[in-house]
Amino acid sequence: MTGIKMNCDISVKMTAFLLIMLWFGPSCAQQDAQLQNTDEKQESKLNKNHRIDSENMLMFISLLVLNVLTIWLFKHRRFRFIHETGLAIIYGLIMGAIIRYSSTPSPVSQDECVTLPSFNTSNPPNKLKLAASCSPNDSTPVYHQYIYSTQVENADEQPQLNQKATFDPEVFFNVLLPPIIFNAGYSMRRKSFFKNFGAIMTYAFLGTLTSTFVIGLILFAVAQFLPHLGMGFNNCLLFGAIISATDPVTVLAIFTDLKVDVDLNALVFGESVLNDAVAIVLSDTVEQYKSDSHGFDGMAVLNSLGHFLVVFFGAGTLGSVMACLNALLTKYTHIHEFPLLETSLFFLMSYGTFLAAEALGMTGIVAVLFCGICQAHYTFNNLSTEAKVWTKQLFEVLNFLMENFVFIYIGVSTFTFTKHEWNPWFIIASFIAVLLGRMLNVYPLSFLLNLGRSNKIHYNIQHMMMFSGLRGAMAFALAIRNTGTPQRRVMFTTTLLIVETTVILCGGFTTPMLQWLRISVGIEDEPNVHDFEMVRSVGSSREHYLRMDGDSTASPSEPQSPPMEPTPGRLAGKAKLVKIWYNIDSRYVKPLLTNAWPPLTQTLPSCCLPLATMLTTQEQLQQCMTGRHRDAEESDTDLILESHDQSYGANQQGAAERIQSISCSTDSQVSLETSRDRLTHIRSS
């Protein structure tokens, strides 16, 4: 009986299971089919987007390859009337026109659109949460969160390749610009830079501020006759800060090829490097002033000024600290035994400086610029021979590719960007305002600087600086970062045209302008331990420059400007400050951060000898035995500035003081045996 009962129970359970499968089986199979169909559709969409992204990137890579080959052809044929950056813009314009007028719009199907309640376009929400049901019979909502950029755009039908050709503006700030700015600081010729440091700081700070207000005031006056634009004074001032960022990469490349006057090269290069940093902080300051006030407010002005100083100098300090930290890591570890790891650490610390500044609410561009300068001064001396070559070539290649990529994108976006606001009167007024702003930047400040300079900035140099005020990648990146309002779209479109015009025209006429102004070329600059063969270098540039226009009688050795004789200046204390910093740097900072000579055991007082011994590496001690410290001292003379080389004034006693400061090396050699005995005694105890 028990066995029969158990068989009956099993039969009942099997029957119930079969009934359940017959009842729910079709619905489960239908749901599985729906899920499989959904997965297939999603996979198809992903594959399609991936293919379009690949086509987009292939287009830019192909343009870069074409640009590189054309650059080689122009250099081989010594054709100088168009530069590589202008060539990149022209290629981008051609490709953008092809994409714009050959692609067909891709219609958006109704099942891809969901109608949402209306909201205020002037204050769009930060997030959108969509509640949807899986099927009509399912009353349980499923929430999907979609990526939303808080920018309201018109839903016009556009070709997908046209849409994909427009990148996220943050790509410029987080990926493309950091290598360009870092390389500017890392490859800087420091002697020429610090010789003209006062003038460079004047042009970069006062000049940029002057240009910003001149452009802002002129455009604000013009905007009164164009009320439909809605350009208030704050918007005009913001545009003035954006368009005041100069980027004479074209002119500087030709300067390097022709080896023009070193002071002219240093003034144009130094101004452009610091000017970019000042412009980005100044534009951010104007934005803050707009949010803090609706009219003129003295307290808001003071807050904006404080914000500018804190952000600029805070970011500069952060970049310097990160570079010093990297110098310590490379000095007190044996990572130089593995050049690949050493180069990787160098790159990551440099890029991490940019991200750290952005994360702290400061400006990463300023931080990475000062990081590059300090990395070149300190960390570079700790690197192995392989890492020195690799880091230099790595950032040179990145700078070349990123720079040309940006200019290609500038050309492409002229046709593919969907938010252009064309206003001819505002564009014409902007060109005039930029020209006047540059004039009031260069000429008045040069006059004031010449009052205290022994090495005068002559008129031909001033004219060339005026001509070199091109706009480029930084102005474009600042303008494209926010195009959410009609006013910002007008700024972007105008900036785009100014960048393209100045790069193509000014870059093409740089060499004839040098001839017309009779500026010296073929001048050998001071040797730089960071120099390797540059991508833009070209042989016989000087001879080609002289043969242009058929002038074979000109001689580059002829004096093109009056001789520069050192005379006593009015601000001789400026040289003393530099000497004080050099003495501190050479005696304490550099021996701490690098393996430079003399070690801290000779420069610090006797009470600090245990600490100095701990901070002195074995390599520093070995230098005294091999005599390599002499080469180290000689390679660091790029910061030993003679008083008559200063931007302001001259000091006749500079040479004697400099000789006295250098003579410490002979004293260190005399006390060598004593120092080693003291170290041996401390370590044995």
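Student: How many helices and strands are there in the chain?
Tutor: Helices (H or I, at least four residues) and strands (E, at least two) are taken as DSSP runs numbered from the N terminus. This is a predicted model, in which local features need pLDDT of at least 70, side-chain atom pairs count only at pLDDT 80 or more, and totals for chains, interfaces and linings use all residues. Residues are numbered from 1 along each chain as its sequence is written, and side-chain values use heavy atoms, with hydrogens and water left out. On that basis, the chain has 27 helices and two strands.

Student: Is Arg438 buried or exposed?
Tutor: Arg438 is found in helix α14 (residues 424–450). Buried means under 20% relative accessible area, exposed over 50%, and partly exposed in between (1.4 Å probe, protein chains only). Because its relative accessible area is 5%, Arg438 is buried.

Student: Which residue has its backbone oxygen 2.7 Å from a polar atom of the side chain of Arg438?
Tutor: Leaving aside neighbours within four places in sequence, Arg438 is in contact (heavy atoms within 4.5 Å) with Thr246, Glu271, Met465, Met466, Ser468 and Gly469. The backbone oxygen that lies 2.7 Å from a polar atom of the Arg438 side chain belongs to Met465.

Notes: A polar contact is a pair of N or O atoms within 3.5 Å; within protein, one must be able to donate a hydrogen and the other to accept it, and residues adjacent in sequence count only if both atoms are side-chain atoms.
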